[in-house]
Amino acid sequence: MKAGIIILREYLKNNMIFHRLTDIQFEEVLERAKMITLADGGVLFQQGDEFRRFYLVVSGHMKLFRLAPDGNEKVIELVDAGHTFAEALMFLEQPRYPVGAISLGETNLISIDARHFQEILKSSVDLCMALLGDMSFRLRSLVREIDDLSLHSATCRVAAFILARAPDHRDDFDLDIPKHVIASRISVKPETFSRIIKGLKSKEILEIKGSKVHLLDREALKEAADVCALPVDAM
């Protein structure tokens with residue numbers, strides 16, 4: 001139990017939102033926080049469920065998605081370790097989750113009591129401004145993404161997605177997200193995604209074996225992505 005509290009404390013302290021809390025506020029949030037582990041494909045919440053908590057991803061990935069009336073799934077966002085999601089719902093009255101959330105691979109999260117955090121926000125202008133600033137950044141990213149979907153090619157979007165997930169100083173990395181999920185996230189058909197990857201391979205820009213990616217020509221990938229390079233946080 002003590003080890004679990006230490007882990008919760010470490011991850012929360014390193015996040016921008018919780019870093020701004022006073023010591024007393026932080027301890028209150030920590031007391032109500034819960035660590036959750038989901039296996040691959042674990043459902044955290046369904047679209048339309050009542051909003052009670054928001055989350056910080058510790059490891060793994062969360063897929064946020066909406067279902068169309070015909071049952072087709074559209075991936076809205078992929079949330080990586082170190083990022084929070086669903087906190088914007090605290091600013092709505094009687095909110096419900098507008099998306100579903102499913103884990104990609106084993107995923108660890110910290111669950112935060114939203115109602116209690118709302119009470120803290122009412123007494124902290126600085127914390128409110130920090131949250132609003134983060135949401136403003138995400139909104140700008142989404143607006144830019146809409147422009148990219150309207151104005152730029154599928155090849156550009158695939159290249160930008162891969163480049164955004166490549167470490168700055170390493171050409172080998174894991175892309176441990178299913179290809180059909182990536183395709184849905186950047187609004188291309190799975191077969192189109194596969195064809196573009198094949199084209200990048202044939203041009204000796206990259207190699208992909210399973211989840212392992214090796215960049216052969218980072219500059220060429222940058223050229224393909226430059227016109228619509230999406231920031232990492234937009235992914």
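How many aromatic pairs does the structure hold? In this predicted model, the count comes to eight.

In one, the ring centres of Phe-45 and Phe-85 are 6.3 Å apart and the planes meet at 45°, so the pair is tilted. Because Phe-45 belongs to strand β2 and Phe-85 to strand β5 (residues 84-85), this pair ties together parts that are 40 residues apart in sequence. Both Phe-45 and Phe-85 are buried. In the other pair, the ring centres of Phe-45 and Tyr-97 are 3.7 Å apart with planes at 10°, so the pair is stacked. Here too distant parts of the chain are linked, with Phe-45 in strand β2 and Tyr-97 in the loop between β5 and β6, 52 residues apart. Tyr-97 is buried, as is Phe-45. One aromatic cluster is formed by Phe-45, Phe-51, Tyr-55, Phe-85 and Tyr-97.

Beyond its neighbours within four places in sequence, Phe-85 is in contact with residues including Leu-44, Met-62, Ala-101 and Arg-138.

Aromatic rings meet charges as well. Lys-13 lies over the face of Phe-26, 4.4 Å from the ring centre, while the charged end of Lys-63 sits over the ring of Phe-65, at 5.4 Å from its centre.

Terms used. Residues are numbered from 1 along each chain as its sequence is written. This is a predicted model: local features need pLDDT of at least 70, side-chain atom pairs count only at pLDDT 80 or more; totals for chains, interfaces and linings use all residues. Side-chain values use heavy atoms; hydrogens and water are left out. Contact means heavy atoms within 4.5 Å. Rings of Phe, Tyr and Trp (its six-membered ring) pair if their centres lie within 6.5 Å; planes under 30 degrees apart count as stacked, over 60 as edge-to-face and the rest as tilted. Helices (H or I, at least four residues) and strands (E, at least two) are DSSP runs, numbered from the N terminus. Buried means under 20% relative accessible area, exposed over 50%, partly exposed in between (1.4 Å probe, protein chains only). A charge sits over a ring if NZ of Lys or CZ of Arg is within 6 Å of the ring centre and within 35 degrees of the ring normal.
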